[in-house]
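Please open the model in your viewer and keep the selection tool at hand.

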Amino acid sequence: MFNGAILVGANERTGGEPFHAVHPATGAKGEVAFSNASTQDVADACALAEDAFASFSSLTPDARAAFLEAVAEQILAIGDLLIETAMAESGLPRPRLEGERGRTVGQLRLFASYVRQGDWLEATIDKALPERTPLPRSDLRRVNQPVGPVGVFGASNFPLAFSVAGGDTASAFAAGCPVVVKGHPAHPGTGELVARAIGAAVKACGLHEGVFSYVPGTTHELGGALVADPRIKAVGFTGSRGGGLALMKIAAGREEPIPVYAEMSSINPVVLLPGALAARGEAMGTAFVGSLTMGSGQFCTNPGLVIALDGPDLDTFVAAAATAMTGNQPQVMLTPGIHEAYEKGVAALAGAPGVTTIARGAEAEGCNRGQHAFFAADAATFRDNAALAHEVFGSSSILLKCKSIDEVNETIASLEGQLTATLQMTDSDADDAAKLLPTLSRKVGRILTNGWPTGVEVTHAMVHGGPFPSTSDGRTTSVGTLAMMRFLRPVCYQDVPDALLPAALQDANPWGLTRRMEGKLEVAA
Ligand code: NAP
């Protein structure tokens, strides 16, 4: 159950001006009064996290993996209450939330198996060369170590998979970092249920209570205090560009600046190459609208931009997309605020010079439903007006008509950083694709062909990141096992006696790791 508590380690607190969840499908206020955490709660949570660091960071890979698995078990043990609470608080349908729970549990288990493998430690050994002339070489051994306590901001659009026990928390735990979560005010009951599940796993595994704390609330002051706390050493965030930038500024202004891994805004260009348009323009038009409107378009990978050569084959695509969109019922958006921001963004696009409306979805029946929108402009108009490239979070997209492949390339080159780019192509488009790929790869974290960008697999090879402003640091990812690297740093031990070295670097290799010895990988038996 949930009762509106703040969870500072094992300690339940109440306090602050109470707030209520708003059920977006009806606009009704939820019954439970949730406590607003104070900056003192944040400070206490961070102090506990710091206390927990020494023991949590030095767990064996097996013990850390067992904890991640226990979190997954505890989340499943909540049962249907979790799904029902998330449905009421987010307006998302049951199948989507059941899928999201599966993904949350699956990613915790994936991290557990990856932690056990141990190659993320990157144990690297260059033994001493005492006979080397003119100077002997010291014994040098490097291993990745966790950075310290991590602050996590849950996202509104994934109440499970990118929230309290989502990718940021799972990857920080996997790296060995205690976590303090700032709960998103849009889904406080869901957040508390998951926070209690993590607390139960901490207890069941006999870990220090400071490994996890949950500070819910509605004020920027709370999130600001979390980022500013000197015990926090890195931050994970998914949300608005404004929010991410504000937190980055706080982090950079600290006496000890820290990294904020913020995933913020992306319009995910989809390029329709001529061969694909000729071969399957109609089918692509329908499939595009499916991807655009899925989940009310509330995905960071939503296809908010389509780029193509003008001509009759493009007209076929446009007609099919318009047919698919017209009459398509809008779904409930996540919060009244997100719905309002969507309507404003769509109105701005509709009124922008040189932009025409291709189609709108059915008018909304009920509150907080975002009517789908598809616009068109020529690419030159788009390149001259930076505002047209801003993310409109929801099911809105704009088609850019180009005169040549060179203009497609020029338009891609003018874009800000993106999470994804998609090429719709056939074999006959290979030369054009080869021309565009180098430009695309400088702009995005993931390039796909003949698919749609919505739907992000949680795997080892996945990159859910990209140059600014899609994220604050394009060198990494917030989805997949590589996400752990955000919360690790390399430490080199020089001439340190074997018994004092971390287990990963000791001569006997007690954890049975694959290690790099003198530059060559030695695979564990
Ligand atoms: P948000 O406003 O950025 O909030 C996300 C979290 O950050 C909340 O916990 C919020 O807490 C906190 N926060 C925001 N600004 C802050 C600041 N200046 N100082 C301290 N904490 C701050 O995002 P949202 O509420 O999820 O949605 C708003 C908009 O974000 C959407 O309309 C959409 O444009 C965008 N969005 C984008 C994505 C994406 O994946 N691209 C995903 C979700 C949302 P408080 O509000 O309690 O302070």
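The tour goes from the domains to the pocket and then to one helix.

This is a predicted model, where local features need pLDDT of at least 70, side-chain atom pairs count only at pLDDT 80 or more, and totals for chains, interfaces and linings use all residues. Residues are numbered from 1 along each chain as its sequence is written, and side-chain values use heavy atoms, with hydrogens and water left out.

Colour domain 1 (7-19 + 30-117 + 151-264 + 476-486) and domain 2 (269-449) separately; the bounds come from an automatic or database domain assignment. Their centres, taken over C-alpha atoms, are 33 Å apart.

Next, select Asn 157, Arg 241 and Glu 263, which supply 40% of the area that domain 1 buries against domain 2.

Now go to Phe 237, Gly 239, Ser 240, Arg 241 and Gly 243, the closest to the centre of the largest pocket among its 45 lining residues. A pocket is an open set of points on a 1 Å grid over the protein atoms alone, where a 1.4 Å probe fits, with protein on both sides within 12 Å along at least five of seven lines; lining residues have an atom within 4 Å of a point. Each domain gives the lining at least three residues.

Finally, show α7 (220-228), one of the elements that supply at least two lining residues; helices are DSSP runs (H or I, at least four residues) and strands likewise (E, at least two). Leu 222, Gly 223, Gly 224, Ala 225, Leu 226 and Val 227 of α7 are buried, meaning under 20% relative accessible area (1.4 Å probe, protein chains only). Their cover includes α1 (39-57), β9 (212-216) and α8.

Terms used. Buried < 20%, exposed > 50% of the residue type's maximum accessible area, 1.4 Å probe, protein only. Contact = heavy atoms within 4.5 Å. Buried area = accessible area lost by both parts, 1.4 Å probe.
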